[in-house]
Amino acid sequence: MTVVVASRNRRAQLLRYLPRHEAPVILVDNASEDGTAEAVSAALPHVHVVRSAVNLGAAGRNVGAELAETRFVAFADDDSYWEAGSLGKAAALLDAHPRAALLTGQVLVGADGRADPISAAMEAAPLGTPTDLPGPSVLGFLACAAVVRRDAFLAVGGFNPTLHVYGEEALLAMDLAAAGWGLAYVPALTVRHLPLPAGRDVAGRRRRQARNDLLTSWLRRPLPIAAAAARSAWRTGGPARGGLADAARLLPWVLRHRRPLPAHVEAAVRTLASAAPAGA
């Protein structure tokens with residue numbers, strides 16, 4: 001197992017949380033301007049620091065996975081870490097379940113360890129629990145709480161560079177499922193996530209999230225659903241409409257890369273949509 005972290009300008013968080021991982025760590029520094037790479041190299045010489053000249057966003061994780069020499073890769077954010085024993089359990093489960101390409105764990109947020117709502121949604125198991133997976137089947141995950149089979153992850157292209165950040169997990173989950181792999185939620189695998197109280201540009205994040213949600217829909221969903229997503233973003237206005245404008249500029253790229261999901265994966269996506277709470 002190797003832990004891969006992609007980060008930009010989060011030196012203090014990295015110095016605090018990287019030592020908590022129970023596996024070799026590869027840090028992909030996305031062109032930080034705060035001395036992250038130098039500080040981590042000096043304080044944590046066991047960490048393999050990769051300096052990217054540009055901000056690769058989530059695709060920085062692909063660089064780390066390519067460099068990893070282990071069969072399994074765990075992802076973490078600069079403000080998260082895997083609890084003791086979780087990575088060993090994940091490796092054993094992947095060995096025991098050869099169809100599983102991705103396991104996602106329970107996420108506990110903040111110092112008080114409150115459960116992230118996504119964990120409860122996954123545990124509800126709207127897609128059931130196949131006998132050849134170690135937990136409920138899922139078609140989504142939080143990147144900071146995912147362990148992947150390295151070869152499967154790289155074979156589908158990893159995180160799409162065009163999406164950059166925010167919502168990049170959905171497309172990867174669909175592509176793994178379309179390739180025949182299983183994805184499962186395993187609550188025995190636990191991640192602690194300690195985000196800073198003051199977030200980054202909220203409106204900008206929502207606009208990018210809206211853009212990426214639209215791009216994912218246009219790339220993989222049936223045309224009527226893709227069109228409906230665009231109409232919904234326009235009616236919503238604000239960051240959603242801005243995201244629509246950003247996505248529209250990438251339509252030529254979408255048309256080159258569009259690959260609708262196999263029928264059984266599309267059916268699973270629809271099942272999840274119908275199970276989601278109103279407004280989710």
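UniProt positions are given here in the numbering used for this chain, with feature names shortened, and such annotations may be inferred rather than shown by experiment. With that in mind, the UniProt record, an unreviewed entry, carries the annotation "domain: Glycosyltransferase 2-like" over residues 22–153. What we have is a predicted model, in which local features need pLDDT of at least 70 and side-chain atom pairs count only at pLDDT 80 or more, while totals for chains, interfaces and linings use all residues. Residues are numbered from 1 along each chain as its sequence is written, and side-chain values use heavy atoms, with hydrogens and water left out.

Over residues 22–153 the chain is 29% helix and 27% strand, and the end C-alpha atoms are 21 Å apart. Helices (H or I, at least four residues) and strands (E, at least two) are DSSP runs, numbered from the N terminus.

Let me turn to the nonpolar interior. A nonpolar core is a set of buried Ala, Val, Leu, Ile, Met, Phe, Trp, Tyr and Cys residues joined through side-chain atoms within 4.5 Å, where buried means under 20% relative accessible area, exposed over 50%, and partly exposed in between, with a 1.4 Å probe and protein chains only. The largest such core has 33 residues, and those with the most contacts inside it are Met 1, Leu 18 and Val 147. Among the elements that give two or more residues to this core are strand S1 (2–7), helix H4 (86–96) and strand S9 (182–193). Leaving aside neighbours within four places in sequence, Leu 18 is in contact (heavy atoms within 4.5 Å) with Val 5, Val 25, Leu 27, Val 40, Leu 44 and Val 47.

Leu 94 sits in helix H4 and is buried, with a relative accessible area of 1%. Not counting residues up to four places away in sequence, Leu 94 touches Phe 72, Ala 100, Leu 103, Val 147, Val 148 and Arg 149.

Now to the charged pairs. How many salt bridges does a search of the whole structure find? The search finds 16, taking a salt bridge as a side-chain nitrogen of Lys or Arg within 4 Å of a carboxyl oxygen of Asp or Glu. In one of these, Arg 61 pairs with Asp 77, the closest N and O atoms being 3.6 Å apart. Because Arg 61 lies in helix H3 (residues 60–67) and Asp 77 in the loop between strand S4 (72–76) and strand S5 (80–82), the pair ties together parts that are 16 residues apart in sequence. Arg 61 is buried at 8% relative accessible area, whereas Asp 77 is partly exposed at 21%.

A second pair joins Arg 221 to Glu 266, with the closest N and O atoms 2.7 Å apart. This pair links distant parts of the chain, 45 residues apart, with Arg 221 in the loop between helix H8 (202–220) and helix H9 (223–236), and Glu 266 in helix H12 (residues 263–275). Both partners are buried, Arg 221 with a relative accessible area of 13% and Glu 266 at 8%. By contrast, in the salt bridge between Arg 114 and Asp 112, Arg 114 is partly exposed at 48% and Asp 112 is exposed at 58%. Arg 10, Asp 78 and Asp 79, finally, are linked in a network of salt bridges.
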